[in-house]
Amino acid sequence: MTPYQTQAAQIGATLGRLGVKRCVVEVNSIGDAFIEMLREALAGQQVKCELREFVTTSPSKRAAIEALVVAFEQQKIALVPDETQANEFEAFSASATRGG
């Protein structure tokens, strides 16, 4: 099993354990192959979760990050307490580029 297949299996198990009904997956670059691995993992684990593909562009990435920030600020979403996850979000920074 490749590292990506292992990751897909772990994500599939987590989606199943949490009862997630829909998951949006970025399909740029490696994401195209990864979503297929995730579909296989979900089928193998008999997890029913709809996977929606998302193509990231500079404008869509900006819109997604802005929507995420607003959702946190308005307490429409929250994170499961996890130290690694919290460190990732705290380390995130943004800067403007020519492309936006």
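**Contacts, core and salt bridges in a predicted model**

Apart from its neighbours within four places in sequence, T56 is in contact with E26, N28 and K61, contact being heavy atoms within 4.5 Å. The model is predicted: local features need pLDDT of at least 70, side-chain atom pairs count only at pLDDT 80 or more, and totals for chains, interfaces and linings use all residues. Residues are numbered from 1 along each chain as its sequence is written, and side-chain values use heavy atoms, with hydrogens and water left out.

T56 sits in the loop between strand 2 and helix 3. Helices (H or I, at least four residues) and strands (E, at least two) are DSSP runs, numbered from the N terminus. The relative accessibility of T56 is 14%, so the residue counts as buried. Buried means under 20% relative accessible area, exposed over 50%, and partly exposed in between (1.4 Å probe, protein chains only). The side chain of T56 also makes a polar contact of 2.6 Å with that of E26. A polar contact is a pair of N or O atoms within 3.5 Å; within protein, one must be able to donate a hydrogen and the other to accept it, and residues adjacent in sequence count only if both atoms are side-chain atoms.

The largest nonpolar core holds 14 residues. Such a core is a set of buried Ala, Val, Leu, Ile, Met, Phe, Trp, Tyr and Cys residues joined through side-chain atoms within 4.5 Å. C23, V25, L38, L42, C49 and L51 touch the most other members. Helix 1 (3-18), strand 1 (22-26) and helix 2 each supply at least two residues of this core. Helix 2 gives the largest share, 6 residues.

L42 belongs to helix 2. With 4% relative accessibility, L42 is buried. Beyond its neighbours within four places in sequence, L42 is in contact with G12, L15, V47, C49 and L51. G12 is 30 residues from L42 along the chain, yet their C-alpha atoms are separated by 5.3 Å. V25 is the second case. Leaving aside neighbours within four places in sequence, V25 is in contact with I35, L38, L51, R52, E53 and F54.

The structure holds 5 salt bridges. The criterion is a side-chain nitrogen of Lys or Arg within 4 Å of a carboxyl oxygen of Asp or Glu. R39 takes part in a salt bridge with E36 at 2.7 Å, N to O. Both residues lie in helix 2 (residues 31-44), 3 residues apart, about one turn of the helix. E36 is partly exposed, with a relative accessible area of 39%. R39 is partly exposed as well, at 30%. R39 also meets E53 in a salt bridge, at 3.6 Å, N to O. This pair links distant parts of the chain: E53 lies in strand 2 (residues 50-54), R39 in helix 2, and they are 14 residues apart. E53 has a relative accessible area of 46% and is partly exposed.

In helix 3, the side chains of R62 and E66 form a salt bridge of 3.0 Å, N to O. R62 and E66 are 4 residues apart in this helix, so about one helical turn separates them. R62 is partly exposed, with a relative accessible area of 46%. E66 is partly exposed too, with 43%. R22, E50 and R52 are linked in a network of salt bridges.

The length of helix 3 (residues 58-73) agrees with expectation. The expected span of a helix is 1.5 Å times one less than its number of residues.

Backbone angles complete the description. Most residues other than glycine have a negative phi. Q75, which follows helix 3, has a positive phi near 55°. Q75 lies in the loop between helix 3 and helix 4 (83-91). At 70% relative accessibility, Q75 counts as exposed. Q46 is another residue other than glycine with a positive phi, near 55°. Q46 lies in the loop between helix 2 and strand 2. Its relative accessibility is 72%, so Q46 counts as exposed.
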